[in-house]
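This report goes through one protein model part by part. Please keep the sequence and the 3D view open while reading.

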Amino acid sequence: MLHDTGQTRRLLALWQQSGLAKIRRDSLSNDLAAGISVCVVLIPACVAYADLAGMPAQNGLYTALAGMLVYALFGSSRQVIVGPDAAIALLVIAAISPLAQPGSSQYIVLAAILTLEVGVLMLIAAKAKLGAIADLLSKPVLLGFMNGASLILIASQLGKWSGLQLIESAFFPRMLELFSRASEMHGTTLIIGLLSLAFLALMRLLFPRLPSAIVLFIVAISAAFLLDVGERGVALLGQLPKGIPNLNTPQISWNQISTLLPAAAGIALLAMPEGILLARAFAQKNHYEISPNRELMALGLANLAASLWQGFALGASQSRTAINDAAGGQSALSGLIAALLLLLFLLFLSGSLQYLPVTTLSALLIFAGFNLIDTRSWLEMYQLDRTAAIFSLITTIGVLVVGVLPGIIVGILLSLAYLIQFMARPFDAVLCSVAGRKGFHDVGEANLSGESHYLQGLLVYRFYAPLLFANASFFIDRIRELVASDGDTRWVLIDAQAITFLDVSAAEQLLTLNRLLEEAEIDLKFARCNRPLREALDRYGVTDALGADSFFAHVHEALAQYKQLYPDVVPEPVSPHEWDGVERRK
C-alpha cells in the first residue's frame, strides 16, 4: 500500500509539473485559437523539413504528431511546440546519407534508430540532471553555427529549386557547380521557384500576420493543377499515404548503434540547450518557472515516440512556439489541439498536397534559411566584443567547410576555447584609496573619479577569476611585473573576493611566489578569502606556508596592520598613467 501511495505521489508530481496541469477554463478559447494557428503553420514546415532531412513528406508530419502528443503530457513549458527543425534535419541527412539512399526504406529505419538514440541520450541527461547543458554552447558559437547551418540549408535546396541534379554536397563545391551549370537550369521550374520566393517576400512585407507558407501552398497547388505543370517537367510532391503508421520498433544492430551514436550525440547537444533556452525564455515572458531537467525528459520521450512512428529527430521549434505564444496559447493544450488537427489532416486531407511543386517546397526552405541568418546580432556582437564575434565567424566558416555534423563538435571546442581564453587572461586590477570614498577601488576607475592614493610599499592586487592551472602563470607574472615596476614593495596584498576556486597547480605556483617574495623580503598577504578558497588554501598547505596571520577578513584590516608595522609610510598619489594597462586582459 505504501508503495502504491508513493507511486501515486510521483505520478501526481509529474502531472503538476506538466503544461497540461495549467489549463484554465477561461483560457480554453485562446488555446484553441493558438492550436489552430500552430497546425496551419506546421503542416508546410514539417513537409519541407522532411524533404530537407531526406525523408518522405509524410514522415515529417508523423514526427510532429508523435512529438507534440508526448511533449504536451510531459513538458513543463506551456508554450513550446516541438517538431522537425531545420538544423536538426541537416544533421540527420548528414549522418545517414553516407549509409543509405535518402527516402529509401533502409534510410527510414536508420533515421528511426538515430532518433531512438537521441531520445535515450536526452533521457540519460535528464536522469543525471544535466539541465545546465543549456550553457554548453556559448552564444557566439551557437550564433555562428546557426548562420553556417542556414547557408548550408539554402545551398542544399538550390538544385531542386532550379531543376538541377547537383552532384556536389559540400557547400563551396556545390555553389561552384551551381554557377558553372546555370545554363542547364529547368526554365519552368526556376520560374515557379522565383515566383514562390517573391510571393513569400511580399506576404512577409504586406501581410506579416498571415501564415504565408500555407497560403503559398494553396496558390501553388491550385496553379500547378490548373496549368498541369507536371507535364512540363516540373517535379511534384506526389500522393501522400492517408492515416498514421503502425507503431514499429526498429530492428537494431550494435554496428548501427555505434555508427550513429556520434551523430546522435551531436543532435542531442544541439537540441537540448536550444529546447531549454527556448522554454526558459517564454516562461520568463509569461511569468512562470520551467524545470530544465523536465524539459530534457519531455524532449527525450518525444524523440522516442517519433522513432516508433517512422519519424526522425526533433527539437523545440522557435517559430512555431512564437506563433503559439502570439496567438494566445496559455497551456500545453494548444499543442495538443494542434496535434489532433494534424491527425485529422493525415486521416482525411493528406492527398491535397500531391500537386505541390517541389520547387515551391525548396523556395520555402530557402526563404526560411535567409531568415535564420542573423547578421544583426553578429554586428552588435562585433561592436561589444570583437573576440566573441571572431569566434562566431570562425564557427560559421567551420560549419561551411567541414559540414553541420562536425560543426557541432567544432562549436563545442570553440566554446571551450573561448572559455579557456577568458580564464587564462582574466581581468585584474591594482587597488588604491580615493578621496571621499570608502574602501579600495580599481586604479583605472579611481583616476576617473578624483584624487587617488596608495600607501608606500603596499601593493593591493585583485584578480577577477578562479585561480587554476590555465591562469596561474599569468597571475604570478603580473605580480612579479608590478613588484618590479614599483621597486619599494614591502607587502603584496591579494584582494581574493573574486577568486572562487584554487587548484593544485595554482597552489604550487602560489608557494613558489611566496618563496620568491620572501627572498626579496616582501610579505604575501590575503584579504577577503571566501570559504571555498580558504579550504583549498588550507588543504594545499598555502595557509601553513604563509602563516594564519597573513589572512584578513577585509582589506581595511590589512591596511591597519600595515600602518602599525610601518608608521612612517605616507600616501603617494597615483599618476594617471602609472598602472596603465593593468586592468586590460592580455
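## Strand β7 and its neighbours

Strand β7 is joined to strand β8 (residues 523-527) by five bridges, and these two strands run parallel. Within this pair, Trp491 stands opposite Asp523 in β8. From β7 the chain crosses through helix α20 (residues 504-519) to β8, and this β-α-β crossover is right-handed. The model is a predicted one: local features need pLDDT of at least 70 and side-chain atom pairs count only at pLDDT 80 or more, while totals for chains, interfaces and linings use all residues. Residues are numbered from 1 along each chain as its sequence is written, and side-chain values use heavy atoms, with hydrogens and water left out.

Some terms need their rules. Helices (H or I, at least four residues) and strands (E, at least two) are DSSP runs, numbered from the N terminus. Two strands pair if DSSP finds at least two bridges between them. A crossover is right-handed if, with the strands pointing away from the viewer, the path from the first strand over the helix to the second runs clockwise.

Strand β6 (residues 458-463) is also joined to β7 by five bridges, and these strands run parallel. Here the bridge partner of Arg462 is Asp495 in β7. A right-handed β-α-β unit is made by β6, helix α19 (residues 472-486) and β7.

## Which way the side chains point

Is strand β7 (residues 491-495) mostly covered or mostly open? It is mostly covered, as five of its five residues are buried. Buried means under 20% relative accessible area, exposed means over 50%, and partly exposed lies in between (1.4 Å probe, protein chains only). In a regular strand the side chains alternate between the two faces of the sheet. In β7, Trp491, Leu493 and Asp495 point one way, Val492 and Ile494 point the other way, and all are buried.

Another strand residue is Leu431, placed in β3 (residues 428-434). Leu431 is buried, because its relative accessible area is 1%.

## Pockets

The largest pocket holds about 1,700 Å³ of space. On a 1 Å grid over the protein atoms alone, a pocket is an open set of points with protein on both sides within 12 Å along at least five of seven lines; a cavity is a set where a 1.4 Å probe fits but cannot get out, and lining residues have an atom within 4 Å of a point. Grid points are joined across faces, edges and corners, and a volume is the space filled by probe spheres set on the points. The largest pocket is lined by 49 residues, and nearest its centre lie Gln318, Ser319, Arg320, Ala322 and Leu372. Its lining divides into 34 nonpolar, eight polar and seven charged residues. In this scheme Ala, Val, Leu, Ile, Met, Phe, Trp, Tyr, Cys and Pro are nonpolar, Asp, Glu, Lys and Arg are charged, and the others, Gly among them, are polar.

The second largest pocket has a volume of about 1,200 Å³. Of its 45 lining residues, Ile93, Pro102, Ser156, Ser169 and Arg174 lie nearest its centre. Elements that give two or more residues to this lining include α2 (28-52), α6 (139-162) and α17 (404-424). The largest share, six residues, comes from α6.

## Cavities

How many cavities of 30 Å³ or more are counted? The count comes to three. The largest cavity has about 80 Å³ of space. It is lined by 14 residues, and those closest to its centre are Tyr71, Val80, Ile81, Ala332 and Gly335. By class, this lining has seven nonpolar, six polar and one charged residues.

A search of the whole structure finds zero disulfides, a disulfide being a pair of cysteine sulfur atoms within 2.5 Å. For Cys46, the nearest cysteine sulfur is that of Cys39, 9.1 Å away. Cys46 counts as buried because its relative accessibility is 0%.

Asp228 is in the loop between α9 (212-227) and α10 (254-285), and its phi is near 55°, a positive value in a residue other than glycine. Glu521 is in the loop between α20 and β8, and its phi, near 60°, is also positive. Asp228 is partly exposed because its relative accessible area is 40%, whereas Glu521, at 71% relative accessibility, counts as exposed.
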